[in-house]
Amino acid sequence: MTIFSRFFVISIAFAAWSPLARAQDSADASNAPIYAIGAGVQRLPAWLGAKHQRTQAVPFFDIELPGKAELSSVDGLTVDVVRGKHWHGGLYADIVWGRSRGDLGPQLSPVVKRINDRLAGGGYLENEINKTVTIGARALRELGGNGAYADLYTDITLPKMFTHVEHGFEFSLRAANAASNRERFGLDASQATQLNLAPSRPGSSWQQAALQYQIFVPTSQHTGIAANVEYARLLGDPARSPLVKNFGQRNQISEGIAFVYHF
């Protein structure tokens, strides 16, 4: 089982719980590679902490070597070096997405820093308690940046609906170091003056908690529709940021849907 990332290649998710892989595993107990491609649309906050959303089309791909590794637009790169019956762990890499001037909008873009997308690498460890519940943790550090993150997550697979429909929940917590929080939520004296706000210099803290529901509905032997909705709430210093209080909101809602072909 892989670990939680974000929906397609951005900050909403289908998560580690993989209905595509589970659907194929139910039909074929072999360890044959799994390949999937598709496309969809997602609606998500324009930037982490924003109160307005944006909608965009997104691609989907997934290449999985069961029990060994996975590369996907959902879960990034996961390499399982533990390969235990219940314990899994090893290398993990993904992209930490930034924000463009268009995302920030006309009021903030002249003042607030644009953030480039960055590759992040680290490791993960998880325990598949049973076929229903998996708990895990991971640590990541940006390559080309100073941000670092720690995630805790729990995946819960619900009983199938109508025989073939897969669905489940994931709860996750993310902590971030001071460098990440300051870059995304801080305001120096000059920025604060231009926005008529108090300066802010966040430290290390929890960044957000998220609860997500995912569902996969097969439409044929090789195709299906995957969808998700996520509610996240900013925590700690990010939630107290003047940037969020005056131009954004703590509550973050995301939705996505995609048509997927697997073979």
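Is Asn228 buried or exposed? That was my starting point today, and I looked it up in a predicted model.

**Entry 1: Asn228**

I found Asn228 in strand 11, which covers residues 223-234. Its relative accessibility is 5%, and buried means under 20%, so Asn228 counts as buried. I then checked what its side chain does, and a polar contact of 2.8 Å joins it to the side chain of Gln212.

**Entry 2: the whole protein**

I stepped back to get the overall picture. I noted 6 helices and 12 strands. The protein has 263 residues, and buried ones make up 51% of them. I also looked at contacts between residues at least 6 apart in sequence: 61% of these join residues at least 24 apart. The accessible surface comes to about 12200 Å², and carbon and sulfur atoms hold 61% of that.

In soluble globular proteins, nonpolar side chains tend to be buried together. Here the largest nonpolar core has 13 residues, and Trp47, Leu108, Val112, Leu187, Leu195, Leu243 and Phe247 have the most contacts inside it. Helix 2 (101-108), helix 4 (189-195) and helix 6 (242-247) each give two or more residues to this core. I also wrote down a second, separate core of 8 residues, with Ala120, Tyr124, Leu140 and Tyr153 among them.

I picked Leu243 and listed its neighbours, skipping residues up to four places away in sequence. Leu243 touches Trp47, Leu108, Val112, Arg184, Phe185, Leu187, Leu195 and Gly248.

Then I turned to Phe247, which sits in helix 6. Phe247 has a relative accessible area of 15%, so I put it down as buried.

**Entry 3: the surface**

Which residues make the nonpolar surface patch of about 700 Å²? I got Tyr35, Ile37, Phe61, Ile63, Leu71, Leu77, Tyr261 and Phe263. Strand 1 (34-45) and strand 2 (53-65) each give two or more residues to the patch.

Leu77 is in strand 4, residues 76-80. Its relative accessibility is 35%, which lies between the 20% limit for buried and the 50% limit for exposed, so Leu77 counts as partly exposed.

Conventions:
Residues are numbered from 1 along each chain as its sequence is written. This is a predicted model: local features need pLDDT of at least 70, side-chain atom pairs count only at pLDDT 80 or more; totals for chains, interfaces and linings use all residues. Side-chain values use heavy atoms; hydrogens and water are left out. A nonpolar core is a set of buried Ala, Val, Leu, Ile, Met, Phe, Trp, Tyr and Cys residues joined through side-chain atoms within 4.5 Å. Buried means under 20% relative accessible area, exposed over 50%, partly exposed in between (1.4 Å probe, protein chains only). Helices (H or I, at least four residues) and strands (E, at least two) are DSSP runs, numbered from the N terminus. Contact means heavy atoms within 4.5 Å. Patches are made of residues with over 30% relative accessible area and no salt bridge: like charges are joined within 9 Å, nonpolar side chains (Val, Leu, Ile, Met, Phe, Trp, Tyr) within 5 Å. Accessible areas come from the Shrake-Rupley method with a 1.4 Å probe; for residues, only the protein chains shown count as cover. A salt bridge is a side-chain nitrogen of Lys or Arg within 4 Å of a carboxyl oxygen of Asp or Glu. A polar contact is a pair of N or O atoms within 3.5 Å; within protein, one must be able to donate a hydrogen and the other to accept it, and residues adjacent in sequence count only if both atoms are side-chain atoms.
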